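The sequence and the structure come first, and the description follows.

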Amino acid sequence: MTPFPILSLVIFLPALAALMLPLVRDDRAIRWFTLTALLLDFALASGLLLAFDSESAAMQFRESYDWVPALGIGYKLGVDGISVLFVFLTALLGWISVLASWSAIQTRVREFMISLLAIQSLMIGVFCALDLFLFYVLWEAMLVPMYLIIGIWGGDNRIYAAFKFFLYTLAGSLLFLIGILVLYFAGGRTFDMLALMGQPYAFPTQAWVFVAFLIAFAVKVPMVPLHTWLPDAHVQAPTAGSIILAGVLLKMGAYGFLRFSLPMLPDASVYFAPLMIALSALAIVYGGLLALAQSDIKKLIAYSSVSHMGFITLGLFTFNMNGLSGAVIQMFNHGITTGALFLFVGLIYERTHSRDIPAYGGLIKVVPLFGIAMAAFLLSSMALPGTNGFVGELLVIAGAFGSTGWAAGAAVVGALIGAAYLLGLYRQMLLGEVRLPEGAKMWDLNAREIACAVPLLVFVFWLGLYPKPVLTLLRATLEQLLAQVIGTGA
Amino acid sequence: MDTDLIAASVRASSPEIIVIIGACAALMLSLWPHQDQQKYLTWLSLITILLASAQTLQLSPRPVNIVETTYSGMFVVDAFATYFKMLLYLGTALTILMSGKFLQTEEAVKGEYYVLLLFALAGTMIMVSGADLLIIYIGLELQALSIYVLTGFLKTRGRSVEAALKYVILGAFSSGILLYGLSLIYGLTGSTQLGVLNSALATADLSEPMLILATVFLLVGLLFKIGAVPFHMWVPDIYEGAPTPITAYLSVASKTAAFAVLLRVFMGSLIGLEPLWSSGLAAIAVATMALGSLVALVQDNIKRLLAYSSISHVGFLLLGIIAGTTSGMSAILLYLLIYTFMTLGLFAIVILLHRDVRAGEPLTLFSGLAQSHAGLAFMAMIFLFSLAGIPPTGGFFAKFYVLVALIDAGHVTLAVIAVLLSAVAAWFYLRLIMLIYIQPAEPTTGSTAAPATGPTGHARAAILLSAPMRLVLLFSFSGTVLSGIFPAWFLAMARQASLSGLGN
Amino acid sequence: MEREFFLLLATVATGSGFLVVVAKDPIHSALALVACFVQIAALFILLGAPFLAVIQIFVYVGAVMVLFLFVIMMLNVRQEALTRFIPSGAIAAFVVTLVLAVEMGLLLSWSSDLHQLMAPAAEPPSVNALSLALFQDYLLPFEVASVILLVALVGAVILARDDEKADASPRRALHPAQGRVPGRVATPDTMPDILPDNGPDTGREPDNGPGTSGGMRR
């Protein structure tokens with residue numbers, strides 16, 4: 001069907017490497033092997049991005065094989081403008097997480113790297129899947145390596161955090177499964193996503209399925225009433241875990257809304273939009289306020305994630321081009337920026353073994369490179385013009401003004417709160433008198449750490465100054481999506 | 001009944017005859033004192049099972065919808081029975097393979113163990129092939145009697161004897177209930193043959209109290225055997241006390257056979273009475289899942305935990321009956337197959353970790369396994385995730401297909417309850433995985449729990465993987481994984497078998 | 001007339017069955033069981049199955065019960081049996097039983113089929129007919145029942161046989177698996193296990209799990 005199964009290769013390369021890892025001898029070789037595999041995967045994903053035809057809204061690089069024909073389950077892959085972007089982001093954060101855990105993970109390196117490779121495969125697979133069953137299998141299987149990453153290599157309270165993470169997401173996913181099955185029977189016994197899109201489901205069906213999907217995705221995003229697992233998971237997870245969690249896993253929820261809720265359940269999406277917008281506005285403000293009250297760096301960033309993810313869901317449910325493209329860009333940005341922030345927290349934690357904000361001060365004088373890079377990411381997170389965050393938030397707020405004025409107001413307030421806590425963090429940690437936790441051994445960024453930070457910095461400024469390529473990439477796909485929602489709904 | 005008929009009957013039941021002859025041969029062999037007696041007995045039993053399975057396959061009906069009835073309508077050979085027999089061979093063979101090590105550890109190497117297992121196998125085979133309530137009952141008794149003795153096989157251990165006594169009493173009690181229901185059915189219809197019952201009950205008045213009573217007794221008797229909730233209380237005690245391979249056998253083969261009977265009787269001949277039992281069964285299924293999952297949370301003995309886990313799996317399986325469709329039935333068949341793989345795999349690991357019956361099987365047995373035995377730990381994790389129903393393992397697909405059948409039949413609410421309860425159930429499997437991967441090995445293992453850097457670590461007394469154990473693990477592991485990744489083939493078998501099981 | 005006889009016999013049978021369970025002395029239990037069997041044999045006659053009645057007397061009363069009494073007297077289990085197997089919860093069990101019995105009675109009395117069920121066969125079947133049924137129509141159950149008897153025999157032998165090797169150390173050496181496990185040498189704490197009277201209700205084994213002795217646990 002396709003001349004070359006590039007998507008399968010991108011998906012299974014890390015898995016294959018994971019299978020070979022038990023044969024690799026010592027920890028050093030394991031690290032290098034994993035890094036090579038993920039760099040290779042990144043190269044493939046970049047090639048995919050370059051080869052992608054952004055003019056077309058259709059799924060590209062498609063692969064389709066029967067899997068369980070009796071139930072209409074197929075192994076179907078394909079990417080559109082949205083998913084190709086996230087495949088790229090996932091592949092990028094993959095090798096960065098290996099570098100980030102290069103010296104931070106010293107025990108059971110082999111198992112760690114296997115988990116990392118496995119989750120990498122699964123995440124890329126989720127973004128490529130065009131079959132609901134395949135999507136679900138990968139989606140839920142993702143829990144396993146993440147659970148292990150948090151549970152084995154996490155902080156002191158890791159077991160609690162890992163359990164909470166697993167059970168929250170599992171309960172949500174299982175409802176998702178029921179929703180999928182209802183759609184399966186309503187849509188003519190097929191799990192093919194493209195066949196399930198644009199079918200005229202009865203409104204009650206749509207509404208119930210939407211609620212089931214909402215719970216699943218709201219846990220993943222996370223949206224406000226269901227967000228309590230996130231701070232625990234983030235605080236306890238090792239750096240690489242936090243990067244992946246914030247960078248990719250949280251995007252899964254928003255991606256689910258984009259891929260399923262909007263195109264498959266347009267009537268219900270429109271019907272529930274006010275609720276979604278209200279929850280998003282609540283998340284923006286409430287998450288921000290919680291972040292303001294934190295003294296643990298990781299917790300602060302975790303709550304800021306809740307707030308930033310609120311922008312994304314807000315953008316999604318404005319149903320206009322600005323809001324949608326803002327949301328998708330914000331998804332990408334959040335992956336880059338928050339991933340980077342967690343990386344930097346990890347780096348500082350390696351040096352000082354403290355995440356207590358008041359214990360720090362004047363870091364920029366001690367470790368200038370570190371301080372400058374961290375400042376850039378903080379500014380990007382608070383959406384300073386010229387950084388990527390600005391583009392995303394601006395588009396979302398513009399979109400929100402186009403649909404629900406008061407929500408846009410809330411978003412502006414949220415952005416201001418964001419500026420408050422991020423600047424506070426910036427001032428306390430980087431400026432002022434030099435103050436370090438006891439027993440700190442400071443060194444500035446070394447080559448490996450610079451290698452992690454540079455690509456992320458590039459994206460921060462590239463997207464901030466010249467977002468056009470990404471917008472072009474998304475346009476055709478988002479226009480089609482919008483037509484699917486507005487065309488049949490409202 | 002002339003000679004031809006008798007010959008046909010004997011031919012149809014030849015797998016059962018092979019197993020019984022094999023059991024008798026093993027009985028002879030067990031009287032021959034020899035150093036390698038156990039090895040020979042294992043081989044003999046396995047060859048018997050292999051022969052029987054070859055014969056079963058040879059007799060398997062082609063095309064699949066043919067039903068051959070012999071022994072004056074008491075015994076059928078159809079695709080349904082063939083599937084279940086293969087499942088029982090698998091379960092019994094793996095049980096036999098994993099018994100060797102356990103019996104040595106417990107110093108209870110006795111030939112009669114294998115004899116009784118083969119007799120139990122014969123009993124279960126008769127159960128799944130029975131087309132008459134009477135022969136089903138007799139097969140059940142043959143199976144039960146063998147298992148009673150096997151449960152108390154470690155007769156110097158109080159727990160084993162206690163379990164056996166409880167099992168005898170409760171087993172006899174439930175058999176009595178079953179028999180009573182059976183006699184009422186006979187009184188109402190004048191027959192115990194399932195085919196006759198089907199037509200006799202088609203016109204029956206469903207509000208007739210006697211019929212209700214008969215159905216309830218029959219159902220309760222069978223629910224007792226599968227350990228569904230309010231009739232589950234024997235399960236944990238007996239699972240805990242029985243020798244571990246027998247626990248594995250109980251939770252797999254015994255349950256499989258009882259489910260076969262439940263399916264054949266309730267989805268086949270008593271399907272006309274569905275209004276009488278379907279809502280009650282739905283309540284029982286939910287209660288079974290809920291109790292199994294919730295009580296398992298507080299267990300600290302691995303065998304008791306697995307007992308409650310099996311109770312919650314039974315609840316999930318019952319949902320397939322509630323769906324009441326062919327796909328519900330094939331969902332159960334598929335589930336039982338995958339359940340056999342994952343449960344036996346986990347039990348094999350429990351046996352490997354087992355040191356002494358006196359020490360019991362605390363959950364801490366698993367702690368630190370990942371450091372000392374990375375491969376075993378990985379397998380245990382896969383089995384546990386499969387039991388929890390996490391993809392891409394077989395356990396997920398099994399549950400998935402039950403849900404498909406359930407939603408297809410319109411029971412969405414039940415499906416939602418089921419998935420939420422299985423999320424609860426995931427908790428205790430996760431707890432075990434936590435122990436395996438996070439907790440350091442308990443200090444009582446004798447050596448220091450130094451963090452091992454590779455598979456060569458010595459955090460606990462080294463576990464010797466004998467060849468039979470390797471075989472068990474290989475089988476169950478590949479079964480668990482393959483049924484998750486390539487479910488199509490397993491599904492096709494289950495669907496084919498279920499086509500013939502309905503309405504015979 | 002028949003009805004009155006049935007009621008009489010059934011009442012006595014149930015009463016003596018009850019006595020089997022509640023009697024403190026095992027001998028009394030066994031004798032009550034004999035009485036119960038005799039009533040059932042009489043019921044068979046009432047149903048027009050004299051052959052079965054004779055068999056019932058021969059096999060159960062004549063053979064099984066005599067053996068039973070023999071065993072009870074020889075083993076002197078009278079003391080042992082005085083401790084009840086289920087010490088508590090008897091009241092709850094009794095209540096549940098009563099409720100179930102009342103429910104069953106009500107359902108049965110509402111049933112319209114009740115009296116048809118009790119109609120006896122028109123003429124008593126001959127032994128010939130019985131054997132034909134046994135060896136033709138019910139050939140399979142008959143054969144399987146014989147296997148059950150074999151299993152019972154084997155099982156009884158296994159459970160009753162004295163295990164002289166339970167503490168014999170030479171056997172240990174045969175199993176290399178034993179050598180590696182520390183603490184498996186016969187120490188004094190293994191002794192209670194091989195005492196002959198380690199009944200299920202004594203709760204004598206080392207208590208590892210919570211409450212290992214009798215009664216159901218959750």
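## Domains and their contact

Chain A is divided into domain 1 (1-264) and domain 2 (280-490), with bounds that come from an automatic or database domain assignment. The model is predicted, so local features need pLDDT of at least 70 and side-chain atom pairs count only at pLDDT 80 or more, while totals for chains, interfaces and linings use all residues. Residues are numbered from 1 along each chain as its sequence is written, and chains are lettered from A and ligands numbered from 1 in the order in which they are written.

The C-alpha centres of domain 1 and domain 2 of chain A lie 22 Å apart. Their contact (C-beta atoms, placed from the backbone, within 7 Å) takes 41 residues from domain 1 of chain A and 41 residues from domain 2 of chain A.

On the side of domain 1 of chain A that touches domain 2 of chain A, α3 (81-100), α10 (229-236) and α11 (239-264) each supply at least two residues, and α11(A) gives the most, with 13 residues. Helices here are DSSP runs of H or I with at least four residues, numbered from the N terminus.

## Packing of α1 and α4

Helix α1 (residues 6-20) and helix α4 (residues 109-128) of chain A pack at an angle of about 165°, with their axes 7 Å apart; axes are lines fitted to C-alpha atoms over the stretch in contact, and angles run from 0 to 180 degrees between N-to-C directions. That angle makes α1(A) roughly antiparallel to α4(A), a term used for angles over 145 degrees.

Note on methods
Contact = placed C-beta atoms within 7 Å. Parallel < 35°, antiparallel > 145°, perpendicular 65-115°, else oblique.
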